[in-house]
Amino acid sequence: MSRVCFVTLFDRNYMQQAAVLIQSLHDNYPSARGNIDFICLTDREDLSVIKTISSWVSAPNFNIKYREVVAPDSANIKSLGDSNWRTNISWYRLFLGSTLHDYDKVIFFDADMMAVSDLSYILDFPMYGKFLACVDASDDAAFRGMDDITTFHTGMFIADLNWWRESGVEEVFSLHMQTVPPSLYVEEELFNIYMRDVWYAIPFTFNFYYFYRDDDGDCIWDRSYLPFYLEKAIVIHFFGRAKPWNQLQVKGTRDTSKLGIKWRMYRDNLRIT
């Protein structure tokens, strides 16, 4: 039988966000399927700290495990990101094939997401390609210099890990990063360059972030330019710099959206000691 796992990645700055993700996914996981492994990726420095998350959540159908990611020396990677809105280890997802060497298939979620509906459709979605992800409809594709092609967003994806290992794509990633200085969005860029031929587009509802923006370019969580899909969303992605947990800090205003309130209810119910 194919071994499938859920995966997220985060550092100590994103522990509450990751805990909300795990709890919300569990609350929408079809328990009749039995248990599934949930892998939390981090670095050695944070490994002992983030293990406390297991005590924060109530997730009996998830076998929560922790793994350290070590990038090849040739990758020439430095910590990238801003702890206020983007974990600085986002690039870890580039090495899932070798890190998850004992799994056949991965369903990956960014830590700034929240499940809101039954996950069965995601779990049962056919592997039409080796790498499944939503079409990128954000302005960030243009910012990354990829506005002339259809890009995909890697905040959530489903991947064939056997193909990943056999293709040698991680070596290609490492060589690229050895020769080209990595950018803040290095993982988005490399996936879009080197996974394009095996990519298949999945429904917007799997990684829903198609929100209207305010004058500052920040998302308005209760307003979508794809309103039908928002009603049918399975996993919400709090995409961008202003999020339900930092809007007051970032914008000086309180988030009063329904989705933001739901996220904070999850956070407030965590068993943080």
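Tutor: A strand here is a DSSP run of E, at least two residues long, numbered from the N terminus. By that rule Tyr66 is found in strand β3, residues 62–68. Keep in mind that this is a predicted model.

Student: How many helices and strands does the chain come to?

Tutor: The chain has 12 helices and 11 strands. Of its 273 residues, 56% are buried. Take contacts between residues at least 6 apart in sequence: 78% of them join residues at least 24 apart.

Student: Back to Tyr66. Is Tyr66 buried or exposed?

Tutor: Buried means under 20% relative accessible area. Tyr66 has 18% relative accessibility, so Tyr66 counts as buried.

Student: Which residues is Tyr66 in contact with, leaving aside neighbours within four places in sequence?

Tutor: They are Cys40, Leu47, Ile50, Lys51, Ile53 and Ser54. Look at Leu47 in particular. Leu47 and Tyr66 are 19 residues apart in sequence, and their C-alpha atoms are 7.5 Å apart.

Student: Now Val235. Where is its place?

Tutor: Val235 sits in strand β11. Its relative accessible area is 0%, so Val235 is buried. Beyond its neighbours within four places, Val235 is in contact with residues including Phe109, Met113, Leu119, Ile122 and Phe208.

Student: Which residues have the most contacts inside the largest nonpolar core?

Tutor: Phe6, Phe62 and Leu119, in a core of 56 residues. Helix α1 gives the largest share of this core, 7 residues. Apart from this core lies another, of 33 residues, with Val106, Phe108, Trp164 and Val186 among them. As for Leu119, its contacts beyond four places in sequence are Phe6, Leu25, Asn28, Tyr29, Pro30, Ile234 and Val235.

Student: How do I read a pair of packed helices?

Tutor: Two numbers describe them: the angle between the axes and the distance between the axes. Here, helix α1 (residues 15–27) packs with helix α12 (residues 258–268) at about 100 degrees, and the axes are 9 Å apart. Angles from 65 to 115 degrees count as roughly perpendicular. The two helices, α1 and α12, are therefore roughly perpendicular to each other.

Student: Which residues make the contact?

Tutor: From α1, Gln16, Gln17, Val20, Gln23, Ser24 and Asp27; from α12, Trp263, Tyr266 and Arg267. They divide into 3 nonpolar, 4 polar and 2 charged.

Student: How do I read the faces of one helix?

Tutor: An α-helix has 3.6 residues a turn, so residues three or four places apart point the same way. In α12 the buried residues are Leu259, Gly260, Trp263, Arg264 and Tyr266. Seen down the axis of α12, they fall within an arc of 155 degrees, so they line one face of the helix. The face turned away carries the exposed residues Lys258, Met265 and Asp268.

Student: What do the buried residues of α12 pack against?

Tutor: Their partners are α1, β5, β9, β10, α10 and β11.

Student: Which residues of helix α8 are buried?

Tutor: In α8, residues 169–179, they are Val169, Glu170, Phe173, Ser174, His176 and Met177. Their arc, seen down the axis of α8, is within 160 degrees, so they line one face of the helix. Glu171, Leu175 and Thr179 are exposed on the other side of α8. The buried residues of α8 pack against α4 (96–99), α7 (161–167) and α9 (186–194).

Technical notes. Residues numbered from 1 in each chain as written. Predicted model: local features only at pLDDT ≥ 70, side-chain atom pairs only at ≥ 80, totals over all residues. Heavy atoms only, no water. Axes fitted to C-alpha atoms, helices over the stretch in contact; angles between N-to-C directions. Helix = DSSP H or I, 4+ residues; strand = E, 2+ residues; numbered from the N terminus. Parallel < 35°, antiparallel > 145°, perpendicular 65-115°, else oblique. Contact = heavy atoms within 4.5 Å. Nonpolar A, V, L, I, M, F, W, Y, C, P; charged D, E, K, R; others polar. Buried < 20%, exposed > 50% of the residue type's maximum accessible area, 1.4 Å probe, protein only. Arc of directions from axis to C-beta. Core = buried A, V, L, I, M, F, W, Y, C linked by side-chain atoms within 4.5 Å.
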